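Trainee: Could we go through this structure together? I'd like to know what stands behind each label.

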Amino acid sequence: MSRISADQVKHVANLARLAITEEEAEMFTKQLDSIISFAEQLNELDTENVEPTSHVLDMKNVMREDKPEKGLPQSEVLKNAPDHQDGQIKVPAIIE
Amino acid sequence: MSLFDNSVSELHQLLHKKELSVTDLVEESYKRINEVDDKVQAFLTLDEEKARNAAKAMDDRLGTDDAKGLLFGMPIGIKDNIVTKGLRTTCASKILDNFDPIYDATVMNKLHNAETLTIGKLNMDEFAMGSSNENSAFKKTKNPWNLETVPGGSSGGSAASVASGEVLFSLGSDTGGSIRQPAAFCGVVGLKPTYGRVSRYGLVAFASSLDQIGPVTRTVEDNAYLLQAISGLDPMDSTSANVEVPNFAQALTGDVKGLKIAVPKEYLGEGVREEVRQSVLDALKVLEKLGAVWEEVSLPHSKYALAAYYLLSSSEASANLARFDGVRYGYRTDDATSLIDMYKKTRSEGFGEEVKRRIMLGTFALSSGYYDAYYKKAQKVRTLIKNDFDEVFKKYDVIIGPTTPTPAFKIGENIDDPLTMYANDVLTIPVNLAGVPGISIPCGFSNGLPLGLQIIGKYFDESTIYKTAYAFEQATDYHKQKPVL
């Protein structure tokens, strides 16, 4: 049984903001299917009473003093921007 | 004979007595890079002018109290996912081809304080995703021991540059074995510190709960010195740990009498090649002769680590790599009709195939309806894997096994089959999931290719790892062998 369909792959690609071709969709469907099938071996384990681990060290919220500091100069911030104008980063129009 | 056949402390003595200059060290690096990097292809970007000028200025201070630091003037290579102010940082990805960082990673600030000299930036698998350096968007680094084989990955450039004598030492990063596996393949010493030991600030994030920066060196002693320089709590990384940093060099006694070693049967079982298994058993004999004792143990959930790792690391990656959208930095597509279209085309044109595959897997595992079945399940399995280590470390000081199931494989051999490629990391991944430290040191050869011994320690006990590794290294001469290029 296939775990993931080409339509699902296209849906996931859209969520991930990736444009994929039909060819890529087919390839990813096959590859993701085999990786997900492989991952399903985890179901052999009974984890009902196991707490999930998201972080290995016993750490709670880490706070710092709320002290204002100088930000980066505008020229530095814009240095790597692909497109900017009048001190602002420029992107394609988002409103028609 | 290369200057880099000397250890850090030997070079330091020579500098101090003015029998050697910092310029000599820097020239040694660039001369060797000129000679062999056409073949090895370890470097993506060189910082020649700056390094030479800095060396000259440092030479004026030689012999003064101001130049007493142990790492003063030592040439280092930096993996290209560690941001370096004013020095192009690409993560070996098209999407960051022209990225010029506006700040330094914390490890770079620490190296500046120690006054090492940055020679250049090292090749890697794109965004540290891979085990062979074949996923770099720019070049394929080769294994200096056999140019038809891979150097390992993702820190392939870090390991190959040290093995071929292009730099004295380097920094890499390790998410699932990315320091230890290439160190094993290239016959050098590579350590993944305890999660939290070294600040991740300025390390371009792949999987934030697993990533650690660590040292790649020719000897265990040098490794301890370099770790010393980069360790410690950092206010810029809230996951860096508030624990004391011991003097690692004090562990280099050579005395392992009474040391209790655990050898997981899962690490010597199916899939591990015979010569690899034999090299580990031989290494255990060496340690036994020195007074250590070993017993077989079980880490029963080891076989599930690979699957849990790929779900967790890809999920974290899919979130971390959302920042590459063509807006604030990096590559942007030329032909966008709308904002969403720009995101999609930028990312599709900018990322390589393996990176896209993992973003897809991670997005799927986190998506509505699948989160509990895949992501949360994997997090629970992570707990079981961590518990395995906790249990063994109640009775033993270190865990020993091979670093990789096989020596370096041929370029192109595994590239079309993601699952086979992933299986390379089966012995290193559990260490990242648990967060404990681990090292790979040279322990033999198979058909002229190096083999690595993995020594795993308790949380924040890199010292016992170094103690064990140093004793083994002093009793053997694998680390003295050099590839002929």
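Mentor: Let's start with the interface: chain B and chain A bury about 5200 Å² between them, 70% of it on carbon and sulfur atoms. Buried area is the accessible area (1.4 Å probe) that two parts lose on being put together, summed over both. This is a predicted model, in which local features need pLDDT of at least 70, side-chain atom pairs count only at pLDDT 80 or more, and totals for chains, interfaces and linings use all residues. Residues are numbered from 1 along each chain as its sequence is written, chains are lettered from A and ligands numbered from 1 in the order in which they are written, and side-chain values use heavy atoms, with hydrogens and water left out.

Trainee: How many residues does each chain bring to the contact?

Mentor: Chain B brings 64 residues and chain A brings 53 residues, where contact means heavy atoms within 4.5 Å.

Trainee: What makes B:Lys356 and A:Glu24 a salt bridge?

Mentor: The rule asks for a side-chain nitrogen of Lys or Arg within 4 Å of a carboxyl oxygen of Asp or Glu. For B:Lys356 and A:Glu24 the N to O distance is 3.5 Å, so the pair meets the rule. The count between chain B and chain A is 3 salt bridges.

Trainee: Which helix gives the most to the side of chain B that touches chain A?

Mentor: H12(B) does, with 11 residues. Helices are DSSP runs of H or I with at least four residues, strands are runs of E with at least two, and both are numbered from the N terminus.

Trainee: Why is the pair B:Trp145 and B:Phe445 called tilted?

Mentor: Rings of Phe, Tyr and Trp (its six-membered ring) pair if their centres lie within 6.5 Å; planes under 30 degrees apart count as stacked, over 60 as edge-to-face and the rest as tilted. B:Trp145 and B:Phe445 are 5.1 Å centre to centre with 55° between the planes, so they form a tilted pair. B:Trp145 lies in the loop between strand S3 and helix H5 of chain B and B:Phe445 in strand S10, so the pair ties together parts that are 300 residues apart in sequence.

Trainee: And what makes B:Tyr370 and B:Tyr374 stacked?

Mentor: Their ring centres are 6.2 Å apart and their planes are at 25°, so the pair is stacked.

Trainee: Why is B:Tyr374 called buried, and what is B:Tyr370 called?

Mentor: Buried means under 20% relative accessible area, exposed over 50%, partly exposed in between (1.4 Å probe, protein chains only). B:Tyr374 has 9%, so it is buried. B:Tyr370 has 26%, so it is partly exposed.

Trainee: How do you know that H5(B) is largely enclosed by the rest of the structure?

Mentor: 8 of the 8 residues of H5(B) are buried, which is why it is described that way. Among them are B:Gly156, B:Ser158 and B:Val162.

Trainee: What about B:Arg180 and B:Asp174: buried or exposed?

Mentor: B:Arg180 has a relative accessible area of 0%, and B:Asp174 also has 0%, so both are buried. Their side chains meet in a salt bridge at 2.9 Å, N to O.

Trainee: How far apart are the closest N and O atoms of B:Asp335 and B:Lys345?

Mentor: They are 3.2 Å apart, and the two residues form a salt bridge. B:Asp335 lies in the loop between H9 and H10 of chain B and B:Lys345 in helix H10, so the pair ties together parts that are 10 residues apart in sequence. B:Asp335 is partly exposed at 44%, and B:Lys345 is partly exposed at 21%.
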